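Reader: Please show me the model. I would like to go through its pockets and its packing.

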Amino acid sequence: MATTFYPKEVVDEVFAAGGNFRTAAVLNPRLAKVRSADGGVVIEDGLWAFNSGVEHAGWVVLGIPVLDDAGNVVDRGAALIRLRKLNWSMTGTRSACAAAAEPASGSRMSSSRRSGSLSLAEPAGKTTRRRTWLVNRYIGSRMLHFLQSIWPCRANLALPGLGMAKAALDLFLQKSTKRAIAFTDYTSQADAAATHLLIGEASSKIDAAELILKRSLEELETTALSEKMSMQHRTRMWRDAGFASRLVWQAVDLLAGASEGSFARSSDRMNRIATRRTISC
């Protein structure tokens, strides 16, 4: 889907090459020094952090500034580059979300990928400008991998959080039968009516989030094969993804809050799910 930003001949090159056409992307560089050149731009130096998945990719999309003839930044864009042309390094770092939550939740190190390039020339066809990313452009037969990707990308990013919420519910159900409720007569948390109500509320939020996301993905597939996606459709997809993420967040909060003192340990599975939920959502 990352190739949908680019002209058809670029898309064809990516898929016609065979083998690994996976892409990784960082659209907001920490540093990107570029200059105009005949037929494109030269990326002289740059730093793109959190390029997750780059070690499995064959292509990488890197955000770059767009310059006018005088060298002034007039827009933001992205260059599509074969990974073998790029010098990149992997570093262990803490994401901003994880670092902020660490004192309370015991977050552990997460992997981040830094990509840097030097004297890398890319033709104009493999660069695109930000203002074109929101345009309803379709190429060729309008198959799913040619569909403009900014809008469905949000729904795709909500799916890991949904998986985490399901894992949190399964874990809570498993442990509630073996966990007593402190300062009460309940030797099993699963016997308490309050636990039944909590499970019902959390599971309903998870089911609702899944239904919302399934509808978005089904509409995406249908639209990709039959018609252009309207602004109303795209806006609803963005709204639904945000609301589904909120439901996931609330469900995990309910389950984590009822997990008793074991949740305080950084090694606790519910702790790890709740921490990573804050990043995925």
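Author: Start with the second largest pocket: β2 (31-37), β3 (40-47), β4 (59-67), β5 (73-82) and β9 (127-129) each supply at least two residues of its lining. Strands here are DSSP runs (E, at least two residues) and helices are runs of H or I, at least four residues, numbered from the N terminus. The model is predicted, with local features needing pLDDT of at least 70 and side-chain atom pairs pLDDT 80 or more, while totals for chains, interfaces and linings use all residues. Residues are numbered from 1 along each chain as its sequence is written, and side-chain values use heavy atoms, without hydrogens and water.

Reader: Which strand gives the most to the lining of the second largest pocket?

Author: A pocket is an open set of points on a 1 Å grid over the protein atoms alone, with protein on both sides within 12 Å along at least five of seven lines; lining residues have an atom within 4 Å of a point. The 15 lining residues include V41, I64, V66, L67 and T127, the closest to the pocket centre. With four residues, the top contributor is β4.

Reader: What is the volume of the second largest pocket?

Author: Its lining divides into eight nonpolar, five polar and two charged residues. Volume means the space filled by probe spheres set on the grid points, which are joined across faces, edges and corners. For this pocket that comes to about 160 Å³.

Reader: Which residues line the largest cavity?

Author: A cavity is a set of grid points where a 1.4 Å probe fits but cannot get out. This one has a volume of about 40 Å³. Its lining divides into two nonpolar, two polar and three charged residues. They are L171, K175, R179, S259, S262, D268 and M270.

Notes
Ala, Val, Leu, Ile, Met, Phe, Trp, Tyr, Cys and Pro count as nonpolar, Asp, Glu, Lys and Arg as charged, and the others, Gly among them, as polar.
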